[in-house]
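Biologist: Could you walk me through reading a structure like this one?

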Amino acid sequence: MNHTSDELPPDWPTTERQALAVQLDLRTRVVLDEPGPPPGAPLTAVGVDVAYDDERDLVAAAAVALDARTLDVVAEATAVGRVAFPYVPGLLAFREIPAVLTALRRLGAEPGLVVCDGYGLAHPRRFGLAAHLGVLTGLPTIGVAKNPFTFHYAPPGPDRGDASPLLDGDEEVGRALRTRTGVKPVFVSVGHRVSLDRACDHVLALARDFRLPETTRRADALCRRALAQAVTGG
């Protein structure tokens with residue numbers, strides 16, 4: 001089993017107060033004025049996701065690199081370790097990022113875009129997992145979530161590619177994006193160094209056959225396998 005508890009970033013917070021201070025500091029470093037990699041260009045898109053075993057206090061992270069044009073897997077890696085932070089809504093990235101960083105280091109491929117199962121700017125303090133991971137790695141990142149969190153939106157049109165703003169009051173923090181005609185949308189938000197328009201274009205390109213992008217589907221399956229193997233000793 002690859003524990004990550006000994007591989008925490010320096011000064012990793014252990015309390016809610018410490019984590020909030022780090023979050024408020026790091027959020028000022030999010031880059032929002034870069035368009036990001038152009039859709040359709042040669043690109044290695046990396047999906048990251050985590051799975052938990054709460055009884056054993058374990059988290060498994062997976063990073064899966066795909067050729068964005070063919071959706072073929074070109075590399076994958078996992079990391080399993082102790083959960084690095086207690087469960088606190090709005091601070092979930094502190095539970096996930098140490099293991100995710102380890103998986104990314106083991107990947108053996110250079111990400112051109114990182115796709116997180118979660119949120120970026122669509123966060124109460126505009127600093128969800130995708131933004132946090134982007135700032136720490138410097139990589140272009142986006143968040144693709146299955147639900148709108150605490151935000152509201154008007155249903156987008158019924159066809160693939162239809163979208164509507166995801167709103168916090170009058171502020172657009174992401175987009176509800178229909179990736180399959182007649183299927184409920186996903187919720188896309190900017191993480192770091194990618195525009196919202198391009199984030200949505202990339203999600204559509206990566207979600208050719210299913211509601212979720214292939215990056216997320218592959219990473220979800222891999223982290224679940226890694227956790228099961230860690231628990232059973234397989």
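This is a predicted model: local features need pLDDT of at least 70, side-chain atom pairs count only at pLDDT 80 or more; totals for chains, interfaces and linings use all residues.

Biologist: Is strand β5 mostly covered or uncovered?

Modeller: Helices (H or I, at least four residues) and strands (E, at least two) are DSSP runs, numbered from the N terminus. Buried means under 20% relative accessible area, exposed over 50%, and partly exposed in between (1.4 Å probe, protein chains only). Strand β5, residues 141–145, is mostly covered, with five of its five residues buried. T141, G143 and A145 point one way, while I142 and V144 point the other way.

Biologist: Which bridges join β5 to strand β8, and in what sense do β4 and β5 pair?

Modeller: Two strands pair if DSSP finds at least two bridges between them. Strand β4 (residues 113–117) pairs with β5 in the parallel sense over four bridges, and D117 has V144 as its bridge partner in β5. Between β4 and β5 the chain passes through helix α3 (residues 129–137), a right-handed β-α-β crossover: with the strands pointing away from the viewer, the path from the first strand over the helix to the second runs clockwise. β5 and β8 (residues 186–192) run antiparallel, joined by five bridges; here V144 has V188 as its partner in β8.

Biologist: Which residues of helix α1 are buried?

Modeller: In α1 (residues 16–26), they are A19, Q23 and L26. They lie on the same side of α1 because they cover an arc of only 75° around the axis, taken from the directions from the helix axis to the C-beta atoms.

Biologist: How is empty space found?

Modeller: Rolling a probe the size of a water molecule over the atoms shows where empty space is left. On a 1 Å grid over the protein atoms alone, a pocket is an open set of points where a 1.4 Å probe fits, with protein on both sides within 12 Å along at least five of seven lines; lining residues have an atom within 4 Å of a point. The largest pocket holds about 510 Å³ of space. Its lining has 24 residues, and the closest to its centre are L92, E96, D117, G118 and Y119.

Biologist: Where is L71, and where is F149?

Modeller: L71 sits in the loop between β2 (58–67) and β3 (73–82), with a positive phi near 65°. L71 counts as buried at 12% relative accessibility. F149 lies in the loop between β5 and β6 (163–168); its phi is about 60°, positive although F149 is not a glycine. F149 is partly exposed, at 36% relative accessible area.

How values were computed
Residues are numbered from 1 along each chain as its sequence is written. Side-chain values use heavy atoms; hydrogens and water are left out. Grid points are joined across faces, edges and corners, and a volume is the space filled by probe spheres set on the points.
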